[in-house]
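Work through each task before reading its solution.

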Amino acid sequence: YSGIIVDGFENATNFNNDWIIRNLDDGNQQFSRITTTAATGNASVRIMNRFISEAGEKHELISPSYDLTTLSNPTFNFKFAFARRATSNTDRLLIWYSLDCGSSWSLAMAPMQGSSMSTIGSSLNNTVWVPGANDWVTKTASLNSISSESNVRFKFAFDSGLGNNLY
C-alpha cells in the first residue's frame with residue numbers, strides 16, 4: 001500500500017487477507033475484527049483480555065506492508081480503548097515497525113502500560129467492558145526517520161496483565 005492510508009477495519013476481506021494475527025502462547029483469546037463498537041465507522045479490532053486467565057500471554061496484530069516514500073512527514077496514528085480491572089493490572093501495548101518483512105522490529109513509540117494505558121482514567125471496570133464514544137484515545141508516532149522506506153510493517157504487540165478488553 002502507498003500514499004495516505006486509513007484502515008478502520010471496515011472491510012472484512014481486507015482485514016482477513018492483509019493482517020496477520022499471532023497468539024504466541026496459544027491462549028483462548030486473540031485479536032479479532034468486530035462490528036459491535038468502533039472509534040469511527042462500524043468496525044474495530046478487539047482482544048477479549050477480560051477472559052485471559054494467565055498474566056503474560058502475548059498477542060500480535062501485524063499490518064500489511066506500506067510504502068512511505070510518497071509521503072511528506074509521515075506519521076502512524078491509531079485509536080485505541082482500554083480499561084483496567086484492578087490497580088494491580090500490568091497490561092502492556094507496544095507498537096513496532098519492521099523494514100524487513102518482520103525479521104526484525106524496532107519500537108515506533110514508548111510502550112503503554114499499567115495505569116498510563118487506561119483510556120478511562122483511574123476508573124476500574126470489572127465487567128465485560130465495551131468502550132463508549134469518549135473512551136477512545138488517539139496515539140501518534142512520527143515516521144520521519146523511516147520516510148525513505150518502501151516496505152514497512154507495523155505490529156501491535158499486547159502482553160496481558162489481566163486487565164479488561166483492548167480495542
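**Exercise 1.** In this predicted model, which side chain meets that of K155 in a salt bridge, and at what N to O distance?

Solution. Step 1: a salt bridge needs a Lys or Arg side-chain nitrogen within 4 Å of a carboxyl oxygen of Asp or Glu. Step 2: the side chain of E60 meets that of K155 in a salt bridge, at 3.2 Å from N to O. Step 3: this pair links distant parts of the chain, since K155 is in strand β10 and E60 in strand β4, 95 residues apart.

**Exercise 2.** Is K155 buried or exposed, and is E60 buried or exposed?

Solution. Step 1: buried means under 20% relative accessible area. Step 2: K155 has 8%, so K155 is buried. Step 3: E60 has 9%, so E60 also counts as buried.

**Exercise 3.** Find the salt bridges that D159 forms with K58 and with R92, and locate the residues.

Solution. Step 1: K58 and D159 meet at 3.5 Å, N to O. Step 2: R92 and D159 meet at 2.9 Å, N to O. R92 belongs to strand β6 (residues 92-98), so the pair with D159 joins parts 67 residues apart in sequence. Step 3: D159 is buried at 11% relative accessible area, whereas K58 is partly exposed at 35% and R92 is partly exposed at 30%.

**Exercise 4.** How many salt bridges does the count come to, and which residues are linked with R22 in a network?

Solution. Step 1: the count comes to 4 salt bridges. Step 2: R22 is linked with E60 and K155 in a network of salt bridges.

Note on methods. Residues numbered from 1 in each chain as written. Predicted model: local features only at pLDDT ≥ 70, side-chain atom pairs only at ≥ 80, totals over all residues. Heavy atoms only, no water. Buried < 20%, exposed > 50% of the residue type's maximum accessible area, 1.4 Å probe, protein only. Helix = DSSP H or I, 4+ residues; strand = E, 2+ residues; numbered from the N terminus.
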